[in-house]
Amino acid sequence: MRHRIALITGSAKGLGRMTALQLADLGCDIALNYVHSQAEAEELQQQIRMKGVRCIAVQADISRPDQIEELISRVEQELGGVDIMVNNAGPFIRERRLFAEYTHVEIQSLIQGNLVGAMLLDHYVLPHMRKQRWGRIIHFGFGHAGEARSWPHRAVYAAAKVGLVSFTKTLAVEEAPFGITVNMICPGDIRGDNKEKTIAEVSSLPDPETPRGRPGSGEDVARVIAYLCGDDSDFITGNIMDISGGLDPIRPSIGKSSVKPEQANIVD
């Protein structure tokens with residue numbers, strides 16, 4: 001994969017950072033993307049350049065179509081056409097809420113950032129990939145996204161990602177004749193600092209919630225992405241892959257106590 005150009009959204013920290021480092025180790029030139037984490041992005045940029053590859057860091061909010069266009073323009077001008085598109089970034093509201101409690105602005109932001117933004121980015125990079133008859137597109141989902149199950153308190157985020165599941169499978173079929181693969185990876189509940197740790201660093205840590213018995217790490221996710229981006233991985237496309245240690249993060253019931261009487265709007 002030497003000298004392939006990889007754009008990873010949301011890559012200043014966490015899983016995106018680990019993915020950028022992994023692809024840089026394989027010889028890819030890297031385009032980092034961030035919204036607020038400028039210091040982290042610039043530090044990572046220097047670290048990646050020390051590996052002997054090119055690297056730029058571009059500020060852009062992928063929920064904003066105008067900023068997506070500017071991001072792609074910067075990458076093409078400074079590095080060239082995007083060969084590997086990793087759609088990692090996406091807004092997420094950690095507070096648990098019923099759908100009725102979301103504002104219209106929040107609904108639009110979650111859909112734009114997690115579904116429309118990824119679709120627009122893919123649309124921008126496809127002409128270059130088609131021209132060279134090679135490309136790798138990676139989307140991020142959540143555990144069991146491919147089953148389109150209910151996820152109480154995460155209605156909008158889940159709807160956006162499940163929509164992205166269908167788009168992933170459709171785009172994979174449409175672009176296969178051009179040598180372009182499209183896959184989705186669905187990380188498990190990888191928390192906090194573990195997002196930037198290696199497998200070796202977490203292998204001895206207990207995690208009673210995960211059937212595997214240890215927590216997930218950023219390397220668990222990044223190494224799968226790197227494999228999917230390989231030249232010989234062209235027969236793997238349209239897949240939705242859970243990287244979860246066997247954990248099911250979705251609880252299908254919200255429980256009776258989760259809904260307050262005044263929220264139910266019940267009319268006698």
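The largest cavity of the predicted model holds about 30 Å³ of space, a cavity being a set of points on a 1 Å grid over the protein atoms alone where a 1.4 Å probe fits but cannot get out, and a volume being the space filled by probe spheres set on points joined across faces, edges and corners. The count of cavities of 30 Å³ or more comes to 1. In this predicted model, local features need pLDDT of at least 70 and side-chain atom pairs count only at pLDDT 80 or more, while totals for chains, interfaces and linings use all residues. Residues are numbered from 1 along each chain as its sequence is written, and side-chain values use heavy atoms, with hydrogens and water left out.

The largest cavity is lined by Thr9, Ile62, Asn87, Ala89, Gly113, Asn114, Ala118, Lys161 and Leu164, lining residues having an atom within 4 Å of a point. By class, this lining has 4 nonpolar, 4 polar and 1 charged residues (Ala, Val, Leu, Ile, Met, Phe, Trp, Tyr, Cys and Pro count as nonpolar, Asp, Glu, Lys and Arg as charged, and the others, Gly among them, as polar). Helix 4 and helix 5 each supply at least two residues of the lining, and the largest share, 3 residues, comes from helix 4.

The chain contains 8 helices and 7 strands, taken as DSSP runs numbered from the N terminus (helices H or I, at least four residues; strands E, at least two). The radius of gyration, taken over C-alpha atoms, is 19 Å, close to the 18 Å that the globule rule gives for 268 residues, so the chain is as compact as a globular protein of that length; the rule is 2.2 Å times the number of residues to the power 0.38. Of the 268 residues, 49% count as buried, meaning under 20% relative accessible area with a 1.4 Å probe and protein chains only.

Strand 5 (residues 135-140) has 6 of its 6 residues buried, so it is largely enclosed by the rest of the structure. Gly135, Ile137 and His139 point one way from strand 5, and Arg136, Ile138 and Phe140 point the other way. Strand 4 (residues 84-87) runs parallel to strand 5 and is joined to it by 4 bridges, pairing requiring at least two DSSP bridges. The chain crosses from strand 4 through helix 4 (residues 104-132) to strand 5 in a right-handed β-α-β crossover, that is, a clockwise path from the first strand over the helix to the second with the strands pointing away from the viewer. Met85 stands opposite Ile137 in strand 5.

Strand 5 also pairs in the parallel sense with strand 6 (residues 180-187), over 6 bridges.

Notes: Buried means under 20% relative accessible area, exposed over 50%, partly exposed in between (1.4 Å probe, protein chains only). On a 1 Å grid over the protein atoms alone, a cavity is a set of points where a 1.4 Å probe fits but cannot get out, and a pocket is an open set with protein on both sides within 12 Å along at least five of seven lines; lining residues have an atom within 4 Å of a point.
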